[in-house]
Amino acid sequence: MAIKYTFLGLLIYLTIAAYLFAFLATITGKKKTGQVIYLMGFIAAAAAFAYRWHDVRHVPFQNMFEVFLSMGIFVYPLSIFCRRLLRVSGEAVDMLIGVILLFPAGFVFHAEPQMLPPALQSWLFMPHVAVYLISYVIMVKAAIQAFCYLKDKTGNTKENLVGYEEGTYRMICFGFPLLTLGLILGSWWGKLAWGDYWGWDPKELWSLVSWLVYVGYFHVRYMFGQKHARLNSSLAILGLAAIVITLLWVNLSRIFPGLHSYAG
Amino acid sequence: MLAIGLLAVLSMAGAFYGAEKAKLLFNSIPLVFYWYLLSVLFLAGFIEFTRLRRKPGLFMIHTGCLLILCGSMWGSEAGHRIVKRFFGIQKTPNGYMLISKGDSEKYIMAEDFGRRLGELPFSIKLKDFRIEYYQAYEKTPPQLDIKTQEGQQFQLIAKPGEEITLGRDKLRVVRTFTNFRIRIEDNKKVITDEGPQGENPAVEVSIETPDGNSHSRFVFEHFAGFSHKEDGLQLSYTSQGPQMIRDYFSDLAIIENGKEVLSKTIEVNHPLHYGGYHFYQHSYDSEMQKYTILSVTSDSGLYTVYAGYWMLVVGTLWQFWFRHIAKYIKDKKNK
């Protein structure tokens, strides 16, 4: 446990509490109250992100603590965007995703500031990591839609929202270009920093696996449509499993030593 | 679907093998056949599925993947051999150069510098090499914490020559080490400081007693609070760690026919491109900073790969985002 008795820690715990109360309020039918608390949680998360940025003097994407802290702020805007524009349900679950994503930042990873090593001092650092983190949050939402489909095929079609299968497809359509952009920007950056656009590093290979799983999803869905919707949904969940391995296992396990070890 | 699944499984296996073995695996003969097969499948897809030709997004995505494959094969070692055999163009795919300050070099070497891999049609001169450190580390002086037998605590800036009187004894800083090491030379122990990237910061102090005797002690940052029976002092050293490198730079000049035709300062993320090669700041002489090590990579196939990247990104954005946004706007207008 790495409990933080700092101002940054206070902001993180406030966000976690706000997201949790927003979730409880929403599932108990107090949607408006839930929305207000959710927004307050987002403001606290944004303040934590800005504070950290100012403190370390670079965009806080360097280590696992900063990665989870950053993902915590992407949840709210993505949740609103997905509901209003993509008509994808799951706002209450998004609040819980926010809690889960911020938990490692609040309790697991240490928050000691680190200077950027030479390889990370590139303008590509921010867009490469940002697009990946946003796409990861989107793919979490996609996997939850897929899981809900496997549990309950009909889905929530109230309030002009789409069903779970269509919701999964829309989320993956939304996240896949960002996943592609993350892969390409990383490759380009690798060429500038290390001299090779593809180094067969475990992190690179697992990110390719994640990308290929979603490529497989699109091909299966194109070939069979919704005829094998359970297979589509299973692939969406498999995609998230590959993302979790890319993000966590590759950096935290000693099984995969590689060029991305600074991200641990 | 099979090809995608196979690539995913091989990538997983490669991740467990590690980068070196994975590179060998993906460049092995069976995998070379796989890459060719994948390229042929892309071409067959264009012929078989009209949708791939007619939908701009799908066309760009698949063409992008094909270009990346072709560019990678062209830039590979086998690709370089084929180009040499059929077109007579001789380029070294990749290697390393070690250049001392003031010297010029034109040979590309293997990583261990034991084997010559190729020769450039020009020379590269290293005009200067320098390292920059983070300011926070430079400004914070190293510190020595002293606790006497009586429990009194003192602090001293750990710079050679600094002194402090501790009751009747006098403590003086003799020398600091960023990386303390003991070497055996001619059966004698020799204490050395091995460069700025040290892992064992230490300080040597001399303690003088009132009777005129003195003895030396080494205080190691990683073993704080040790005390000796001789003086009973508990000493801890904080060097603020080894200086953290912000960046390192090589001032290079391209020499062709005895004339300097280009000069550029390279650093990590900012390579030099000249004559069909990229030159990267790879490593340096960590002890004396007298030489730099560049990694050299041929640019064959690179722009084909980059074209593939652009097509893939624009294609996915068009297929999954812009197409839908355009439709949404059109529907709104029609309403």
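**Close-up views of a predicted two-chain model**

**View 1. Surroundings of B:L52.** Leaving aside residues up to four places away in sequence, B:L52 touches B:G45, B:F46, B:L58, B:F59 and B:H62; two residues are in contact if their C-beta atoms, placed from the backbone, lie within 7 Å. The model is predicted, so local features need pLDDT of at least 70 and side-chain atom pairs count only at pLDDT 80 or more, while totals for chains, interfaces and linings use all residues. Residues are numbered from 1 along each chain as its sequence is written, and chains are lettered from A and ligands numbered from 1 in the order in which they are written. B:L52 sits in helix α4 (residues 50–54) of chain B. Helices (H or I, at least four residues) and strands (E, at least two) are DSSP runs, numbered from the N terminus. B:L52 counts as partly exposed because it has 16 C-beta neighbours inside 10 Å. On this scale a residue is buried if 20 or more other C-beta atoms lie within 10 Å of its own, exposed if 12 or fewer, and partly exposed in between, with C-beta atoms placed from the backbone.

**View 2. Helices α6 and α7 of chain A.** Helix α6 (residues 164–194) and helix α7 (residues 202–224) of chain A pack at an angle of about 140°, and their axes are 10 Å apart. Axes are lines fitted to C-alpha atoms, for helices over the stretch in contact, and angles run from 0 to 180 degrees between N-to-C directions. A:Y169, A:I172, A:F176, A:L179, A:T180 and A:L183 of α6(A) meet A:S207, A:S210, A:W211, A:Y214, A:Y217 and A:R221 of α7(A). Eight of the residues in this contact are nonpolar, three polar and one charged. Here Ala, Val, Leu, Ile, Met, Phe, Trp, Tyr, Cys and Pro count as nonpolar, Asp, Glu, Lys and Arg as charged, and the others, Gly among them, as polar.

**View 3. A four-stranded sheet in chain B.** The strands of this open sheet follow the order β6-β7-β10-β11, with antiparallel pairing; two strands pair if DSSP finds at least two bridges between them. β6 (163–166) and β11 stand at the edges with a single partner strand each, so one side of each has no neighbour in the sheet. On average, neighbouring strands are turned by 25° against each other, direction ignored. Four bridges link β6(B) and β7(B), and B:L166 has B:D169 in β7(B) as its bridge partner. The hairpin of these strands has two residues between them, and there B:G167 takes a positive phi near 65°. Seven bridges join β7 (residues 169–177) to β10(B), and B:R175 stands opposite B:E204 in β10(B).

**View 4. The loop at B:T209.** B:T209 lies between β10 (202–208) and β11 (214–220) of chain B, in the loop. B:T209 counts as partly exposed because 13 C-beta neighbours lie inside 10 Å. The C-alpha atoms of B:T209 and B:Y96 are separated by 56 Å, and these residues are 113 apart along the chain.

**View 5. The side of chain B that touches chain A.** 35 residues of chain B are in contact with 34 residues of chain A. α1 (2–17), α2 (19–26), β14 (245–256), β17 (277–284), β18 (291–298) and α8 (302–334) of chain B each supply at least two residues of this side. α1(B) gives the largest share, nine residues. By class, this side of chain B has 24 nonpolar, nine polar and two charged residues.
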